[in-house]
Every structure is written in C-alpha cells, then in structure tokens.
Amino acid sequence: MTIDDRWDGLLLDVGLATLVDNGVPYGAIAEGAIGWRDGVITFAGARSDLPGEPHTLSHRVESLPGTWVTPGLIDCHTHLVFGGDRAQEFEQRLEGATYEEIARAGGGIVSSVRATRAASEDELLRQSLPRARALLADGVTTLEIKSGYGLEPDAERRMLRVARRIGVELGIDVRTSFLGMHALPPEYAGRRDEYVALVCDTMLPSLAGEDLVDAVDAFCEGIGFTHAETERLFLKASELGLPVKLHAEQLSDLGGASLVARYGGLSADHLEWTSDEGVRAMAEAGTVAVLLPGAYYALRDTRPPPVDAFRRHGVAMAVATDLNPGTSPLLSLRLAMGMACTLFRLTPEEALRGATIHAARALGLNDRGMLVLGRRADLAIWNIRHLPELCYWIGGDLLREVRVAGERPEVT
C-alpha cells in the first residue's frame, strides 16, 4: 500500500453496531475500527483484524474510546418543508377536537397549504433549514422530504426545490417524494376529478421532468383520496418509471397497504388499521412498513400498528419522525426510535434497524444503512456506553458527530 492508496479516514477503539445478522445483537463489535476511502467503507471490524499499522493505512487516524459508531440515521418520512405552524390546532385537540373535525373545518393540511403558498422559495428555505439542522444534529445523514403543502404546480415546485437546496446547504442526501394528492385544495371543492387529473396529467410529469421527484406518495384516507384515485396516480407513476409509497390505514382501512404492495411500493406508512391481508400483501411484495409514533403520540391514538403481524410475516419495519406542522412536530429521529419502543413495543435493536437499514429500503437505497465493506461511509458517532441508550434516553445530547460519505457536514 502506497501513501496514495491510503484510506481517507480511520476510527479506532470504537464500538461498532454493524447491523450484520451474525447472531450477535446489533452485529456489535466492542473493540472495533472503521475506515473509508472516497466515501465508501473499506474496513469495519475488530481493531485486531486491521491489515496493518493504523498510521500506514490512513491519512487521518482518530482514536475515540468510549464511543459507539452506528450507520448514520435515515429519516425516511418527513414533511419538513412548510410555511408557518399549527400550534393552535394542538391546543384545539387538547380541548377535545378530533383531527378529522379540524380538517373539515378548514384547518389541518389546508391551513399549512395557505401558509406555504404565501411563502417565497427563499422564505421556505429559511423556515425549513432549522428543522433539517435539528435532525442532523441528532444523527440523521439521509433525509426524505415530501411536497404536499402546495397543491398547485408552482407551490409544489417551490417545495421540492427547497428540499433539494437543503441537501446542498447541509451536505446531506435528501430524497424527495411528490405528495400532490395530500388533500383536496379548497378551490377544487366539488371538482375532485379535475384536481386528480391536474396532479396525474400535469403536475407529476412536469416535476418529474425537472428531476425534482424521487418517489410518488399519496394520502389514501377518508379525508384524503380514494383507492381508485390513488391507483390512477400510481399508474401514472409507473408510466414515468417512478417508485411509489403511500400514507395508508392511519385512520381507517381502505386497502391502501394491499394497493401499494400490488404496485411494488417501497413503503406503506402509518398502518394503524392495516388488516392481516394488507400485511401479507406487503410481505409478498417486500414493501416496508414505516412506523410513525410521533403522529400516534400527538393524536393520542390508542390503536397501534400490527407489529406482531409484521414480525410474523417478515415485513421489515422502518421508523421515521413524520415531521410535520400538524400531527407530528417531532425534531428527533432518535426520540421517534424511543417512542417506537415504548408505544409500539419494538426492541431497541429493531428501532435502530428501523432508522437505518430498513429506512434505507423504504427509500429504495441499498448503498447505506449498515457498516459493511462497500457501503457509504455515513456514520453517527455516539457518546454512549451501551447501544440501547439510543432509545433509553428521552432527549439529551448523545451525538458526538456524524460523517456523510466520510466527511463532516455543516452541522455536527
């Protein structure tokens, strides 16, 4: 190995949560080392197995005893770009109003639509960057951001452009999902078919042509869009070669999980009311179940998603914040992991896998989420003694730093 062949970085004396299924919880290596070159992991294993002396292997060698390294966390479901907030609805719910009652009275998603439409692209970026920085400061290195608060071509475009700009500004990977079928905008009251046609035939093709769309999403629900309307969108997405995902069975069972599975969907998200038939369809299609405990908590729901059925049928479970202004104003994926343990009875290891390797699958990414040779060197370095602490502590500053493709991003 010549000096020009050396790795770009090497961390020594760390614990590694590789998440390799090797019979050891977390795939853990207690006295480990991890190295990378050109943003890709070149070594992840016991320090004693290094193929040479550390100083001969890397330009930068750091000893970090007392830390654990996990894959960088992946928040695979957020609505992070929006204007304004909906703190007043939080108060209304505490006074007894339901989510559906607030939505039907002109609040809910539509209130965020008004504020988002009124904001310029630069103003949306200014409001949204602190939220993205908060996630990054708690270990997130890959982030999904949905549109859906514009509900007309120019505002949806602004949202997706801001999502792309956040990735550039912070030096992280941002994946975008087009959520034009999030709610019926007020100006289309009584003209549902016209709006669905606008989304499917105009908005989606145009935005996809501008390289602003990585996946297509919808809200299949009684206060959202029907099974048939959602399928029309999925057919258009298929024509354009775009993967699909779905807000499914949050408030009722409309068969959304089975529908998105039939189209080979990346994920079905929420899923509190999913039937065993929907679970089996997801298992057969390899569709990931994205659990969103923040919304469950904020809405004070009492029906959890069918976690035991997901385990029984081998459905991968991801965990995400669902960061949004109305029903999940949650700025920490690590807190979402802890909530998934407490509210849904996931184990801490399941929660960590849900925020790493399974979250990567929910975004169609197979190059990250584990600490193994050839994966991206997206790392979260934690000041903890035991891995369950990531879910055990409610809040607090556990993160030492993150690396994205081996590099320190703007916020650590």
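Helices (H or I, at least four residues) and strands (E, at least two) are DSSP runs, numbered from the N terminus. What you're looking at is a predicted model, in which local features need pLDDT of at least 70 and side-chain atom pairs count only at pLDDT 80 or more, while totals for chains, interfaces and linings use all residues. Residues are numbered from 1 along each chain as its sequence is written, and side-chain values use heavy atoms, leaving out hydrogens and water.

Glu121 counts as buried because its relative accessibility is 16%. Leaving aside residues up to four places away in sequence, Glu121 touches Arg158, Arg161, Val162 and Arg165. With Arg165 there is also a side-chain to side-chain polar contact at 2.9 Å. A polar contact is a pair of N or O atoms within 3.5 Å; within protein, one must be able to donate a hydrogen and the other to accept it, and residues adjacent in sequence count only if both atoms are side-chain atoms.

Next, the pockets. On a 1 Å grid over the protein atoms alone, a pocket is an open set of points where a 1.4 Å probe fits, with protein on both sides within 12 Å along at least five of seven lines, and lining residues have an atom within 4 Å of a point. Grid points are joined across faces, edges and corners, and a volume is the space filled by probe spheres set on the points.

The largest pocket comes out at about 400 Å³. It is lined by 19 residues, and the closest to its centre are Arg93, Tyr297, Ala298, Leu299 and Arg300. Helix 2 (87–94), helix 3 (99–104) and helix 11 (293–298) each give at least two residues to that lining.

The second largest pocket has a volume of about 310 Å³. Among its 16 lining residues, Ala103, Val110, Ala183, Leu184 and Ile223 sit closest to the centre. Here we meet helix 4 again: helix 3 and helix 4 (109–117) each supply at least two residues of the lining. Helix 3 has the largest share, with 3 residues.

Now for the strands, where two of them pair if DSSP finds at least two bridges between them. Strand 7 (residues 140–146) is mostly covered, with 7 of its 7 residues buried. Strand 7 pairs in the parallel sense with strand 6 (residues 73–75) over 3 bridges, and Thr142 is the bridge partner of Ile74. Strand 7 also pairs with strand 8 (residues 173–181), again parallel, over 5 bridges; there Leu143 stands opposite Val174.

Elsewhere, strand 1 (residues 9–17) and strand 2 (residues 28–37) run antiparallel, joined by 7 bridges, and Gly9 is partnered by Trp36. Strand 2 in turn runs antiparallel to strand 3 (residues 40–46), with 6 bridges. In the hairpin of strand 2 and strand 3, there are 2 residues between the strands, and Asp38 takes a positive phi near 55°.

Terms used: Buried means under 20% relative accessible area, exposed over 50%, partly exposed in between (1.4 Å probe, protein chains only). Contact means heavy atoms within 4.5 Å.
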